[in-house]
Amino acid sequence: MNDSAGSGDHASVRRRLEAERLDTDARISALHRDFDAIVEANTLVAVDDEHDPEGSSTAFERAHVASLLARARDHLDEVDRALERLEQGEYGRCERCGEPIPPDRLEVRPAATTCVRCAARAPR
C-alpha cells in the first residue's frame, strides 16, 4: 500500500473497505427485496402497462430499482477490486498516472482507482 497517499495503515483501510462491502451487500439485499415485492404486487393484479394508468409508474419503479441494483453490484465489484489492490500493495495509487490518490478522495470514495486530475479527464 502507498503510505504517501495518506490512506492510513493497511488494517484500518481493510476494515473500511470491508465495512463498505458489508453496507453495499446489505443494500443489494434490500433492493432485491424491493424488486421482488414490485414484481409480486404486479402478479396479484392483471396489469396492462399500456392501458392501465398505474402501469407506467409500475414499470418505471421496476426499472428504477433494477438500475439501483445494477449500480450497487458494480460498486461491490469496485470494492472487491480495491481489496485486491490493497493486498497487492497497489491501493492508493492512480491506475492512470501512478501518482498517489489524495487521502480526501479515498475517504469519500474508498474504491477510487484514479486521482482527481485523471478522474476529471475521463469521459463520462
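Author: Happy to. Let's begin with Glu87, which counts as partly exposed because its relative accessibility is 48%. Keep in mind that this is a predicted model.

Reader: Thanks! Which side chain does Glu87 meet in a salt bridge?

Author: Glu87 pairs with Arg14, at 2.3 Å from N to O. Arg14 sits in helix α1 and Glu87 in helix α2, so this pair ties together parts that are 73 residues apart in sequence.

Reader: And is Arg14 buried or exposed, or partly exposed?

Author: Arg14 is partly exposed, because its relative accessibility is 24%.

Reader: What other salt bridge does the side chain of Arg14 make?

Author: Arg14 also meets the side chain of Glu18, with 2.7 Å from N to O. Those two are 4 residues apart in helix α1, which covers residues 10-44, so about one helical turn separates them. Glu18 is partly exposed too, with a relative accessible area of 35%.

Reader: Why would such side chains pair at all?

Author: As a general point, side chains of opposite charge can pair when their charged atoms come close. Here, Arg14, Glu18 and Glu87 end up linked in a network of salt bridges.

Reader: How many salt bridges are there in the whole structure?

Author: A search of the whole structure turns up 4. One of them joins the side chains of Arg85 and Glu95, at 4.0 Å from N to O. Arg85 lies in helix α2 while Glu95 is in the loop between α2 and α3, so that pair ties together parts 10 residues apart in sequence.

Reader: Are Arg85 and Glu95 buried or exposed?

Author: They differ. Arg85 counts as buried, because its relative accessibility is 6%, whereas Glu95 is exposed, with a relative accessible area of 54%.

Reader: What is Arg85 in contact with, then?

Author: Leaving aside neighbours within four places in sequence, Arg85 contacts Glu90, Tyr91, Glu95, Ala111, Ala112 and Thr113. Arg85 itself belongs to helix α2, which spans residues 55-87.

Reader: Let me zoom out a bit. How many helices and strands does the chain have?

Author: There are 4 helices and 0 strands. From the N terminus on, the elements run α-α-α-α.

Reader: What share of the residues is buried?

Author: Of the 124 residues in the protein chain, 28% count as buried. As for the surface, the chain exposes about 8,000 Å², and carbon and sulfur atoms supply 50% of that.

Reader: Now pockets. What is the volume of the largest pocket, and which residues line it?

Author: The largest pocket has a volume of about 170 Å³. Its lining is made up of Glu78, Arg81, Arg105, Arg109, Ala111, Ala112, Thr113 and Thr114. Sorted by class, that lining has 2 nonpolar, 2 polar and 4 charged residues.

Reader: What separates the C-alpha atoms of Glu78 and Pro110?

Author: Those two C-alpha atoms are 9.3 Å apart, while the residues are 32 positions apart along the chain.

Reader: One more, please. What can you tell me about His75?

Author: His75 is another residue of helix α2. With 18% relative accessibility, His75 counts as buried, because the cut-off for buried is under 20%. Residues up to four places away in sequence aside, His75 touches Glu20, Thr24 and Arg27.

Key: Residues numbered from 1 in each chain as written. Predicted model: local features only at pLDDT ≥ 70, side-chain atom pairs only at ≥ 80, totals over all residues. Heavy atoms only, no water. Contact = heavy atoms within 4.5 Å. Buried < 20%, exposed > 50% of the residue type's maximum accessible area, 1.4 Å probe, protein only. Areas by Shrake-Rupley, 256 points an atom, 1.4 Å probe, with all protein chains shown as cover. 1 Å grid on protein atoms, 1.4 Å probe; cavity = no way out; pocket = protein on both sides within 12 Å on 5 of 7 lines; lining within 4 Å. Points joined across faces, edges and corners; volume = space filled by probe spheres on them. Nonpolar A, V, L, I, M, F, W, Y, C, P; charged D, E, K, R; others polar.
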